[in-house]
Amino acid sequence: RVCCERPTPTADYQPSFHSPWLAATVEKLFATITTLLREYSGLQEMRQQHENLQKNIDRLKALASLFQETSLATLVLDDQYRIKAVNPAFEKVTGFSAEYSIGRRADFLKSNNNDETILNAAWKNLLDQACRDAQDAKRDVQVPLLPSLI
């Protein structure tokens with residue numbers, strides 16, 4: 001006894017629904033599945049955006065740490081040369097506090113009445129410190145001995 005006969009599937013096969021209710025239900029089901037698939041792909045896109053955002057946050061944290069920990073006086077300016085942020089080294093080198101500096105134009109640091117002796121001494125101190133830092137770094141790096149070229 002044959003309870004159900006199924007036609008052989010072909011490319012142009014369209015199932016026939018004996019009831020309009022069944023046809024409407026299947027149509028709604030397909031619409032719901034389509035909507036869910038769109039939402040799922042949107043969720044995947046949101047997950048990727050979240051991962052990218054997290055990577056950017058990690059980079060910003062690293063840069064913020066570098067900004068705070070560097071021994072170089074560093075300041076952040078806007079497009080009108082107003083100081084937006086300074087690091088602790090800036091305060092130490094210039095003697096100007098962050099509270100005093102932030103919001104001012106960077107040209108307040110310029111002075112036309114600096115004695116050449118003071119400027120030369122400042123440059124000498126900077127160069128001496130740079131040489132000491134370079135020597136410390138060289139001492140910390142292991143350089144393999146290379147054979148002499150004859």
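Is Phe 96 buried, partly exposed or exposed, and at what relative accessibility? Phe 96 counts as partly exposed, because its relative accessibility is 29%; the cut-offs are under 20% relative accessible area for buried, over 50% for exposed and partly exposed in between, with a 1.4 Å probe and protein chains only. Here are some notes to read beside the structure.

1. **Ground rules.** This is a predicted model, in which local features need pLDDT of at least 70, side-chain atom pairs count only at pLDDT 80 or more, and totals for chains, interfaces and linings use all residues. Residues are numbered from 1 along each chain as its sequence is written, and side-chain values use heavy atoms, with hydrogens and water left out.

2. **Overall layout.** The chain has four helices and two strands, and from the N terminus the order is α-β-β-α-α-α. Helices (H or I, at least four residues) and strands (E, at least two) are DSSP runs, numbered from the N terminus. Of the 150 residues in the chain, 6% are buried. The accessible surface comes to about 13,900 Å², with 59% of it belonging to carbon and sulfur atoms; these areas come from the Shrake-Rupley method with a 1.4 Å probe, and for residues only the protein chains shown count as cover. Taking contacts between residues at least 6 apart in sequence, 10% join residues at least 24 apart, where contact means heavy atoms within 4.5 Å.

3. **The aromatic cluster.** Back to Phe 96: together with Tyr 100 and Phe 108 it forms one aromatic cluster. The structure holds three aromatic pairs. Phe 96 and Tyr 100 are a stacked pair, 5.5 Å centre to centre with 15 degrees between the planes. Rings of Phe, Tyr and Trp (its six-membered ring) pair if their centres lie within 6.5 Å, and planes under 30 degrees apart count as stacked, over 60 as edge-to-face and the rest as tilted. Phe 96 and Phe 108 are edge-to-face, because their planes stand at 75 degrees, with ring centres 4.9 Å apart. This pair ties together parts that are twelve residues apart in sequence, because Phe 96 lies in the loop between helix 2 (88-94) and helix 3 (98-101) and Phe 108 in the loop between helix 3 and helix 4 (116-140).

4. **An arginine over the rings.** Have a look at Arg 104 while you are there. Its charged end sits over the ring of Tyr 100, 3.8 Å from the centre. Arg 104 also lies over the face of Phe 108, at 5.9 Å from the ring centre. For this, NZ of Lys or CZ of Arg must be within 6 Å of the ring centre and within 35 degrees of the ring normal.

5. **A buried serine.** Ser 101 lies in helix 3 and is buried, with a relative accessible area of 0%. A polar atom of the Ser 101 side chain lies 2.9 Å from the backbone oxygen of Ser 97. This is a polar contact: a pair of N or O atoms within 3.5 Å, where within protein one must be able to donate a hydrogen and the other to accept it, and residues adjacent in sequence count only if both atoms are side-chain atoms. Leaving aside residues up to four places away in sequence, Ser 101 touches Ile 83, Val 86, Phe 90, Phe 96 and Phe 108.

6. **The nonpolar core.** The largest nonpolar core has five residues, namely Ile 83, Val 86, Phe 90, Ala 98 and Ala 106. Such a core is a set of buried Ala, Val, Leu, Ile, Met, Phe, Trp, Tyr and Cys residues joined through side-chain atoms within 4.5 Å. Not counting residues up to four places away in sequence, Ala 98 touches Val 86 and Glu 91.

7. **A buried asparagine.** Asn 87 lies in the loop between strand 2 (83-86) and helix 2, and at 0% relative accessibility it counts as buried. The Asn 87 side chain reaches the backbone nitrogen of Phe 90 at 2.9 Å, and one of its polar atoms lies 2.9 Å from the backbone nitrogen of Thr 74. Residues up to four places away in sequence aside, Asn 87 touches Phe 67, Thr 70, Leu 72, Ala 73 and Thr 74.

8. **One backbone angle to check.** Tyr 81, in the loop between strand 1 (75-77) and strand 2, has a phi near 65 degrees, a positive value in a residue other than glycine.
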